[in-house]
Amino acid sequence: MKRVMLACCSLLLGVAAATAAAASATTDPGDLGPPRGAPIEEAMVAPPNVPAPIHRDYPARVIVHLETKEVVKEIADGVRYDFWTFNGSVPGPMIRVRQGDTVELHLKNDPASHMAHNIDLHAVMGPGGGAVSTMTAPGQESVFTFKAMREGLYIYHCATAPVPMHIANGMYGLILVEPPQGLPKVDHEYYVVQGDFYTTGGYHEPGLQTFDMQKLLAEQPTYVLFNGREGSLTGPHALTSKVGDSVRLFVGDGGPNLVSSFHVIGQIFDDVNVEGGTLVNHNVQTTLIPAGGAVTVVMQTLVPGTFLLVDHSITRAFMQGALGQLVVSGAAAPAIYNKVSGAPAAGAAKPAAGVNDAMADGKRVFGQICSACHQPNGTGLPGAFPPLAMSDYLNASPKGAIGIVLNGLSGKITVNSTGYESVMPAFGSQLNDDEVAHVLTYVLNNFNNKGGSISPAEVKAVRAGNKPK
């Protein structure tokens with residue numbers, strides 16, 4: 001009997017412990033106690049920057065100031081658009097609080113605005129996510145408070161009618177509610193939100209573009225962008241890391257219509273907080289983000305190079321602007337990634353080609369490598385890939401094209417008075433010196449270009465790091 005009683009006691013103690021653990025895991029933030037000390041003013045930083053991690057072990061009253069502003073700025077090179085924003089940026093600044101915090105949100109509407117605006121935060125458990133309490137006319141200010149009840153990563157957006165139009169013009173951002181114990185430490189954190197934009201003019205049509213309601217209703221965007229501008233995360237604006245670092249991305253989809261198939265080419269996500277919640281998936285290649293949703297992804301940058309952030313509904317990346325870059329610096333890691341075949345070793349002998357043979361070889365390479373983007377007639381694709389035909393960019397510096405073919409090109413260029421911003425991959429590991437010389441010579445002597453020639457020796461010199469003469 002004594003043994004039975006001991007067993008029963010042990011069982012009851014085990015159940016009690018399990019129940020306590022479960023209760024702890026689902027503790028209502030209201031049980032975390034009232035805010036302590038003086039209110040904390042949230043520091044607003046522009047994307048892709050992120051507010052500092054929270055290290056407090058108690059809930060606080062956090063004051064957040066947002067201002068709705070209607071601003072005209074570039075959506076792409078030479079293309080301006082009338083954005084509606086929070087704090088002048090698309091997305092608006094990321095808000096970072098702790099589970100259990102009481103948030104005092106001040107929403108001011110710029111006196112120069114033409115529209116009333118409000119805010120709906122998906123982290124709010126209350127009517128309209130705060131929209132009911134924050135309808136704010138130009139020149140006015142609204143204030144409301146809410147308790148951050150659930151940890152996670154949430155979208156916020158304007159919810160003034162017509163709601164899709166306000167969102168489509170750029171009125172969205174993210175709010176992170178950290179768990180009481182905080183997030184695991186990483187080396188870098190960045191903030192990225194995808195959105196679809198609907199302009200009256202076509203892709204890359206220059207000048208001031210206005211909002212197109214019919215495109216919105218048809219869900220046919222002109223642009224699909226990260227952080228509200230083509231090139232916002234490329235070239236000098238690329239995200240950065242070092243070999244061996246860990247990177248956390250807070251990624252949202254403002255919509256208003258399209259979901260995002262978020263992917264980083266050449267990376268595997270170690271951890272993905274699905275839909276911004278507490279369910280974590282591991283070793284993920286591409287993660288789906290619903291319109292009005294978010295995910296947190298963590299990855300390790302183990303080798304150097306440039307890694308592309310894309311919506312893997314891939315036309316959006318290369319034809320509509322949903323493209324970013326993560327540039328990783330540091331020493332090579334050949335045990336993880338190493339090119340071991342391709343172009344012949346330096347000094348490898350190859351029979352010299354005659355002029356006709358060289359041109360035929362250049363035509364072959366052009367057809368196999370270049371024509372898909374630049375088109376068989378060299379005219380390119382408007383708004384996406386620049387023309388090689390009658391190209392002032394190419395004809396101004398034919399030998400400068402050697403480095404482009406070998407090393408690739410990203411960022412802004414202007415060809416025949418039209419701006420382009422896309423990514424050309426490097427072909428130095430796929431093409432040998434003769435092939436690079438032949439294809440460039442072929443292009444220079446076709447498509448109404450000015451003629452000229454590139455020699456394998458010149459390609460070899462550029463490959464070795466020397467400037468062409």
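Strand 23 gives the largest share of the lining of the largest cavity, namely three residues. Helices (H or I, at least four residues) and strands (E, at least two) are DSSP runs, numbered from the N terminus. The model is predicted: local features need pLDDT of at least 70, side-chain atom pairs count only at pLDDT 80 or more, and totals for chains, interfaces and linings use all residues. Residues are numbered from 1 along each chain as its sequence is written, and side-chain values use heavy atoms, with hydrogens and water left out.

A cavity is a set of points, on a 1 Å grid over the protein atoms alone, where a 1.4 Å probe fits but cannot get out; lining residues have an atom within 4 Å of a point. Grid points are joined across faces, edges and corners, and the volume is the space filled by probe spheres set on the points. One cavity of 30 Å³ or more was found. The largest cavity holds about 110 Å³. Its lining comprises 15 residues, and Glu230, Ala317, Leu323, Glu421 and Ser422 lie nearest the centre. Helix 4 (315–319), strand 22 (409–415) and strand 23 each give two or more residues to this lining. By residue class, the lining has six nonpolar, seven polar and two charged members. Here Ala, Val, Leu, Ile, Met, Phe, Trp, Tyr, Cys and Pro count as nonpolar, Asp, Glu, Lys and Arg as charged, and the others, Gly among them, as polar.

Gly428 is buried, at 12% relative accessibility (under 20% relative accessible area; exposed is over 50%, partly exposed in between; 1.4 Å probe, protein chains only). Gly428 and Arg463 are 35 residues apart in sequence, yet their C-alpha atoms are 7.9 Å apart.

Aromatic pairs were assigned to rings of Phe, Tyr and Trp (its six-membered ring) with centres within 6.5 Å; planes under 30 degrees apart are stacked, over 60 edge-to-face and the rest tilted. The count is 11 pairs. Phe144 and Phe146 are stacked, at 5.7 Å centre to centre and 25° between the planes. Both Phe144 and Phe146 are buried. Tyr442 and Phe447 form an edge-to-face pair, because their planes stand at 90°, with centres 6.0 Å apart. Tyr442 is buried at 11% relative accessible area, and Phe447 is buried at 15%. Ring pairs also join Tyr81, Phe83 and Phe197 into a cluster.

The criterion is NZ of Lys or CZ of Arg within 6 Å of the ring centre and within 35 degrees of the ring normal. Lys73 lies over the face of Phe83, 5.9 Å from the ring centre. Arg56 lies over the face of Tyr58, at 6.0 Å.

Technical notes. 1 Å grid on protein atoms, 1.4 Å probe; cavity = no way out; pocket = protein on both sides within 12 Å on 5 of 7 lines; lining within 4 Å.
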